[in-house]
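Keep the viewer open as you read.

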Amino acid sequence: MKNQARFTTLFSAPSAVCLIALSLLLSGCGTTSRDTGKTADTVPSNTSASYISALGGGVIGRTAGLSISKADRQRALEAEYRALEAARGGQPVVWEGSGISGSVVAAAPYQVGSQNCRQYSHTVTIKGQDSVARGAACRNRDGTWTPLT
């Protein structure tokens, strides 16, 4: 009988209160920065090619001796883009591939002229060994990011 009383109270509340409660409940249901290799967690495929190519290989492309598959490199570059574009400063964007994984952490944005820029690090783990590459990139008006050299 106790449970029935709770349900009656909830459903008899004004509809606006119910909508607000439902909105608050669902607000935590968005995607996270963690990349599980599934399409839903990646940059939309129709835009990823231009955004990824603008990164020019990212900092992962400058990691000496790193030999990874094309698919894993794509995951790594998408993680770099997501970290630069949307992650809060210090929040890792994690990705996983075939026997390889990584984490990209971007610092807080800063201004250079009229552009937003960010420093970031990319840690790649292969067989328990970490390789860390660091760099910075600035956001262009078209939404792409150009690495600073």
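Search the whole structure and you find one disulfide, meaning a pair of cysteine sulfur atoms within 2.5 Å. This is a predicted model, in which local features need pLDDT of at least 70 and side-chain atom pairs count only at pLDDT 80 or more, while totals for chains, interfaces and linings use all residues. Residues are numbered from 1 along each chain as its sequence is written, and side-chain values use heavy atoms, with hydrogens and water left out.

The disulfide partners are Cys 117 and Cys 138, with sulfur atoms 1.9 Å apart. They tie together distant parts of the chain, 21 residues apart: Cys 117 sits in strand β4 and Cys 138 in strand β5 (strands are DSSP E runs of at least two residues, helices H or I runs of at least four, numbered from the N terminus). The S-S torsion is about 100 degrees, so the bridge is right-handed. Cys 117 is buried at 0% relative accessibility (buried means under 20% relative accessible area, with a 1.4 Å probe and protein chains only), and Cys 138 is buried too, at 4%.

Now look at Trp 145, in strand β6. Its relative accessible area is 2%, so Trp 145 is buried. Among the residues it touches are Cys 117, Cys 138 and Leu 84, where contact means heavy atoms within 4.5 Å. Leu 84 is 61 residues away in sequence, yet the C-alpha atoms of Trp 145 and Leu 84 are 7.8 Å apart.

Note on methods: Buried means under 20% relative accessible area, exposed over 50%, partly exposed in between (1.4 Å probe, protein chains only). Lists of a residue's contacts leave out its neighbours within four places in sequence.
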